[in-house]
Amino acid sequence: DGPGYVQGIRFRGITFAHSSWQKAPHKYAEDYNRACRQGFVDMPAAAELKWARDCRFERCDFVNLGAYGLDFGVGSHENAVVGGRFLDLGAGGVKVGTVSRSATFPEVPTGNIVENNMIHDIGLVHYSAHAIWGGICAKTLIRHNDVSRTLYSSIAVGWSHDKNVGACRENVIEWNHVHD
């Protein structure tokens, strides 16, 4: 709890596979009082980082999972997922950020990188999941990813749909190939 960071951990060439998520999409929404199932961003991931700094996932596979693949959550700073494959997922691929509009540093994830990943065939159970989601996050770099065969948003950044200034800023989304 709080900003006592886990840091400097590297995962290389590891496969994260075969997790399940038993709850049906409509039951999930009911249990969490969600009128809108947009993005299913509060669903779990096979690997979840909170209060992590300078951790990397390099050439790792996230396959045959019941929910999301990877989550850089609250307090995650300067982490990266590079050269990974995310496929056959019940929900989405990579999440970076928080849904808390009132979050401030150090809670707001900053400086995280999602680069050179292949993300396809997602949202197979929870159809409105995102391939790459950046909620309330700052200085996030999303580039050179190949995203295909999604049922909802391929790349979505920002979690505030009003005029109020928030902590979501200075994010860069570039050179991604989004298709099919």
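Guide: Start with two terms. Helices (H or I, at least four residues) and strands (E, at least two) are DSSP runs, numbered from the N terminus. By that count, H18 lies in the loop between β3 (15-17) and α1 (25-31).

Visitor: What kind of model is this?

Guide: A predicted one: local features need pLDDT of at least 70, side-chain atom pairs count only at pLDDT 80 or more, and totals for chains, interfaces and linings use all residues. Residues are numbered from 1 along each chain as its sequence is written, and side-chain values use heavy atoms, with hydrogens and water left out.

Visitor: Is H18 buried or exposed?

Guide: Buried means under 20% relative accessible area, exposed over 50%, partly exposed in between (1.4 Å probe, protein chains only). H18 has 63%, so H18 is exposed.

Visitor: What is the phi of H18?

Guide: First the general idea. Most residues other than glycine have a negative phi, and most peptide bonds are trans. Phi of H18 is near 65°, a positive value. N116 also has a positive phi, near 55°. N116 sits in the loop between β12 and β13 (118-120). N116 is partly exposed, at 41% relative accessibility.

Visitor: Which peptide bond is cis?

Guide: The one from F105 to P106, with omega near 15°. P106 belongs to the loop between β11 (94-96) and β12 (113-115).

Visitor: How do I read the sheet order β3-β7-β10-β13-β16-β19?

Guide: Two strands pair if DSSP finds at least two bridges between them. Here that order describes an open sheet of six strands, with parallel pairing. β3 and β19 (177-179) stand at the edges, each with a single partner strand, so one side of each has no neighbour in the sheet.

Visitor: How many bridges join β13 and β16?

Guide: Three, in the parallel sense; β16 covers residues 146-148. M118 stands opposite D146 in β16.

Visitor: How many disulfides are there?

Guide: A disulfide is a covalent bond between the sulfur atoms of two cysteines. The test is a pair of cysteine sulfur atoms within 2.5 Å. A search of the whole structure finds zero. For C137, the nearest cysteine sulfur, that of C168, is 4.8 Å away. C137 is buried, with a relative accessible area of 0%. C55 is buried too, at 2%.
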